[in-house]
Amino acid sequence: MSAVMPPVASPLVIGPHRIWPPVILAPMSGVTNRTMRALYKPFGLGLTVTEFVSSCALQYGNRRTMEMIDQHGIEKPVSTQLWGDDPGVMARAAKVVRECGADIVDINFGCPAPKVTKTQGGSACLKDVDRCEAIMRAVVAAVDCPVTMKMRLGWSEDNLVYIRVAKRAQSAGVKAVTLHARTARQFYKGSADWEHIAALKRAVDIPVIGNGDLDEAHLAVDRMRRSGVDGIMLGRATLGNPWLISQIVDLLEGRDARPLPTQADRLAYAIVHYRAMVDEWGEARAVPQMRRHLALYLRAIPDAAVLRERIMRIERADAVISLLNATIERLRCEALAA
Ligand SMILES: Cc1cc2nc3c(=O)[nH]c(=O)nc-3n(C[C@H](O)[C@H](O)[C@H](O)COP(=O)(O)O)c2cc1C
């Protein structure tokens, strides 16, 4: 693959929104909160999506649920994702998230977690294509903004319904569909099968967004080009590495991918992320939540395991930041000495 490629993409059109670059941050429950979406957007994302929100829980409007749909301070357009199994409840929830600032409402037909599928939500909806359609029609009718949908290939290998569901989506007025190319039964095992993503693109006229295992910039652009998708969605590989987003955008705009930052610079940014989380959520909530992020920001550092171990045991934000600053100092000295 060559380092410089001609622009391979056009803006992703979702209803009235022309989204450039066509690169979307995947919804990730417990991870992509408002702080992270606001911080990662300037790395070049065209669109961010909230973590999934229960349509049932939205009926009660408790504080934790309302925090999840908070879109303030994030550059528009922004999308809010809902899950549920009941068309009427989903429609009411869609109205609420629209009133709370969503420019796009996304429907989750992909979550494989038992706590969701045991109530027939998330990927369990894929067992019943008619119910998927009823949910999509109800949500589309409820809001004056575009509705999108994100799904897996099907519940299991022997019942791959993604093309049928996408065709129903198209006829129901859904404006774009994202495919994470694994079955629900697979959870995260094996690899995402981009041949299915290409097949979906050929099968429908609405924009298709490809998702799954895009963890390197050239690979991402190559998969986008080969499958012909209108957009790509990035999840796990961006955690602790938002620079991947900028590299992909460089390639999409016909430039060389910029180099990744030094380890010291990665940690300096991890401190920015840490401070933003503590400011927004307070120390008691931010410190445990940031452990996962820090483990990923640290992953390229030689003694990462030792550092991670220490961070896991620290409860105070200032002590974590001091440890990170000391590590940055050490890495910079080592780089000078090398
Ligand atoms: C911790 C975590 C939480 C997730 N939560 C959601 C979610 O709330 N809604 C959703 O549609 N997908 C969710 N996903 C799936 C991702 O959006 C994405 O489809 C999946 O990780 C594959 O993309 P990737 O290989 O780029 O990570 C989650 C994934 C992870 C790892």
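Let's start with overall size. The chain has 338 residues, and a compact globule of that length would have a radius of gyration near 20 Å; the chain has 20 Å, so the two agree. Keep in mind that this is a predicted model. Along the principal axes, the C-alpha atoms fill a box of roughly 65 × 50 × 35 Å. In secondary structure, the chain has 14 helices and 11 strands.

Now the domains. How is the chain divided by the domain assignment? Domain 1 covers 12-252, and domain 2 covers 263-337. Their C-alpha centres are 30 Å apart. Domain 1 brings 18 residues to the contact, and domain 2 brings 15.

Let's look at that interface. Together the two domains bury about 1,500 Å². Of that area, 54% is on carbon and sulfur atoms.

Two helices show up on the domain 1 side: helix H1 (34-40) and helix H3 (63-68) each supply at least two residues of the side that touches domain 2. H1 gives the most, with 5 residues. Sort that side of domain 1 by class, and you get 9 nonpolar, 5 polar and 4 charged residues.

Next, charge pairs. In general, side chains of opposite charge can pair when their charged atoms come close. Across the interface of the two domains there are 2 salt bridges. Please find Glu67 on the screen. Glu67 forms a salt bridge with Arg285, with the closest N and O atoms 2.8 Å apart.

How many salt bridges does the structure hold? The count is 21. Here is another one of them: Asp103 with Lys76, at 2.8 Å from N to O. Why is this pair worth a look?

As a general rule, most residues other than glycine have a negative phi, and most peptide bonds are trans. Lys76 and Pro77 are joined by a cis peptide bond, with omega about 0°. Pro77 is in the loop between H3 and strand E6 (78-83).

There is a cis bond at Trp20 as well. The peptide bond from Trp20 to Pro21 is cis, and omega is near -10°. Pro21 belongs to the loop between strand E2 (17-19) and strand E3 (23-25).

What about phi? Look at Phe187. Phe187 is not a glycine, yet its phi is positive, about 50°. Where does Phe187 lie? It is in the loop between strand E9 (176-180) and helix H8 (194-203).

Last stop: Gln186. Gln186 lies in that loop between E9 and H8. The side chain of Gln186 reaches the backbone nitrogen of Thr183 at 2.9 Å. Then compare Gln186 with Arg332. They are 146 residues apart along the chain, and their C-alpha atoms are separated by 42 Å.

To recap. The assignment gives two domains, 12-252 and 263-337. They bury about 1,500 Å² between them. Their interface has 2 salt bridges, and one joins Glu67 to Arg285.

Key
Residues numbered from 1 in each chain as written. Predicted model: local features only at pLDDT ≥ 70, side-chain atom pairs only at ≥ 80, totals over all residues. Heavy atoms only, no water. Domains from an automatic or database assignment. Contact = heavy atoms within 4.5 Å. Buried area = accessible area lost by both parts, 1.4 Å probe. Salt bridge = Lys/Arg side-chain N within 4 Å of Asp/Glu carboxyl O. Helix = DSSP H or I, 4+ residues; strand = E, 2+ residues; numbered from the N terminus. Nonpolar A, V, L, I, M, F, W, Y, C, P; charged D, E, K, R; others polar. Rg over C-alpha atoms; globule rule 2.2 N^0.38 Å. Polar contact = N/O pair within 3.5 Å; in protein donor to acceptor, adjacent residues only side chain to side chain.
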